[in-house]
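Here are my notes on this model, as numbered points. Please read them with the structure open.

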Amino acid sequence: MFAMHPATSADAPAIAAMIHSRSTWLEERDMPTWRDSADNLAAQAENSHGAMWVLEDHTHSRIIGCTTVQEETPPWGWEPEELAEPAYYLFTTVTDPAYREQKPGTLIALWAVDHAARHGKKWVRRGCMFPGLVRYYETQGFTLLHEVQRTHHRVYLMARRAERLPELETLFKDPSQVTVFSSHLPPPRP
């Protein structure tokens with residue numbers, strides 16, 4: 001059984017270990033890694049505002065994912081009308097590669113969509129720097145809205161409408177159903 005909860009300072013070592021596991025997985029595939037920033041990312045758990053959330057496998061008492069939820073969308077790359085709409089912005093979403101088959105990243109994204117709707121937000125937004133992540137986030141129902149050049153990186157800005165997902169409780173109890181559920185998500189809008 002999985003659950004999301006706000007990260008605490010006590011979670012920081014487990015978050016760092018999970019990020020190092022993901023970094024090893026990325027390095028084995030010659031992909032950019034989180035290794036140099038793992039400890040700084042894990043330290044976000046100590047944010048007294050509770051912006052970082054963790055996905056925990058209660059059965060094994062193990063943190064298997066994290067994401068940081070920000071109340072404000074970074075102003076660059078978005079239209080003023082978009083910035084005026086209430087939204088959560090996700091960043092530094094990292095998952096344990098040992099749990100890939102349970103799709104923890106998709107579960108975190110679905111949780112964020114439901115969490116945003118419960119808190120009166122209209123959107124969940126996120127950005128990434130790799131076309132492969134764009135394709136992955138599209139499988140979660142996100143739509144690519146903008147591409148922005150930021151210093152040395154191209155950033156892809158994506159969004160998905162917030163909505164209540166009554167199936168979420170079942171997915172947290174039985175993560176094997178995430179694959180089936182996500183295969184029925186509507187394609188991103190153009």
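1. Strand E5 (residues 123-128) and strand E7 (residues 153-161) are joined by six bridges and run antiparallel. Val124 has Arg160 as its bridge partner in E7. Gly127 stands opposite Leu157 in E7. Helices (H or I, at least four residues) and strands (E, at least two) are DSSP runs, numbered from the N terminus. Two strands pair if DSSP finds at least two bridges between them.

2. A word on the source. This is a predicted model, in which local features need pLDDT of at least 70, side-chain atom pairs count only at pLDDT 80 or more, and totals for chains, interfaces and linings use all residues. Residues are numbered from 1 along each chain as its sequence is written, and side-chain values use heavy atoms, with hydrogens and water left out.

3. The other partner of E7. Seven bridges join E6 to E7, and the two run antiparallel. Glu147 stands opposite Tyr156 in E7. Arg150 has His153 as its bridge partner in E7. E6 and E7 form a hairpin with two residues between them. Thr151, in the turn, has a positive phi of about 45°.

4. Seven strands make an open sheet in the order E1-E2-E3-E4-E5-E7-E6, with mixed pairing. Its edges are strand E1 (2-6) and strand E6 (143-150), each of which pairs on one side only. On average, neighbouring strands of this sheet are turned by 30° against each other, direction ignored. Axes are lines fitted to C-alpha atoms, for helices over the stretch in contact, and angles run from 0 to 180 degrees between N-to-C directions.

5. Helices on the sheet. Helix H4 (residues 104-118) lies across E1, strand E2 (52-57), strand E3 (62-70), E4, E5 and E7. H4 runs at about 160° to E4. Helix H5 (residues 131-138) packs on the sheet and touches E5, E6 and E7. The direction of H5 makes about 5° with that of E7. Contact here means heavy atoms within 4.5 Å.

6. Phe2, in strand E1. Is Phe2 buried or exposed? Phe2 counts as buried because its relative accessible area is 5%; the cut-offs are under 20% for buried, over 50% for exposed and partly exposed in between (1.4 Å probe, protein chains only). Leaving aside neighbours within four places in sequence, its contacts include Leu55, Ile64, Leu107 and Phe172. Phe2 and Phe172 are 170 residues apart along the chain, yet their C-alpha atoms are separated by 4.9 Å.

7. Thr95, in strand E4 (residues 87-95). Thr95 counts as buried because its relative accessibility is 12%. Beyond neighbours within four places in sequence, Thr95 is in contact with residues including Met18, Arg22, Ile64 and Ile108.

8. The largest pocket. About 1,200 Å³ of space lies in it. Its lining has 33 residues, of which Trp34, Thr93, Phe130, Leu133 and Tyr137 lie nearest its centre. Helix H1 (12-28), E4, H4, E5 and H5 are the elements that give two or more residues to this lining. E4 gives the most, with seven residues. By class, the lining has 19 nonpolar, ten polar and four charged residues.

9. Pocket terms. On a 1 Å grid over the protein atoms alone, a pocket is an open set of points where a 1.4 Å probe fits, with protein on both sides within 12 Å along at least five of seven lines. Lining residues have an atom within 4 Å of a point. Grid points are joined across faces, edges and corners, and a volume is the space filled by probe spheres set on the points. Ala, Val, Leu, Ile, Met, Phe, Trp, Tyr, Cys and Pro count as nonpolar, Asp, Glu, Lys and Arg as charged, and the others, Gly among them, as polar.

10. The second largest pocket. Its volume is about 220 Å³. Of its 14 lining residues, Asp114, Arg118, Leu168, Glu169 and Phe172 lie nearest the centre. E1, H4 and helix H6 (168-173) each give two or more residues to the lining. That lining has eight nonpolar, one polar and five charged residues.

11. Glu163, in the loop between E7 and H6. Glu163 counts as partly exposed because its relative accessible area is 35%. Apart from neighbours within four places in sequence, Glu163 is in contact with Val113, Asp114 and Ala117.
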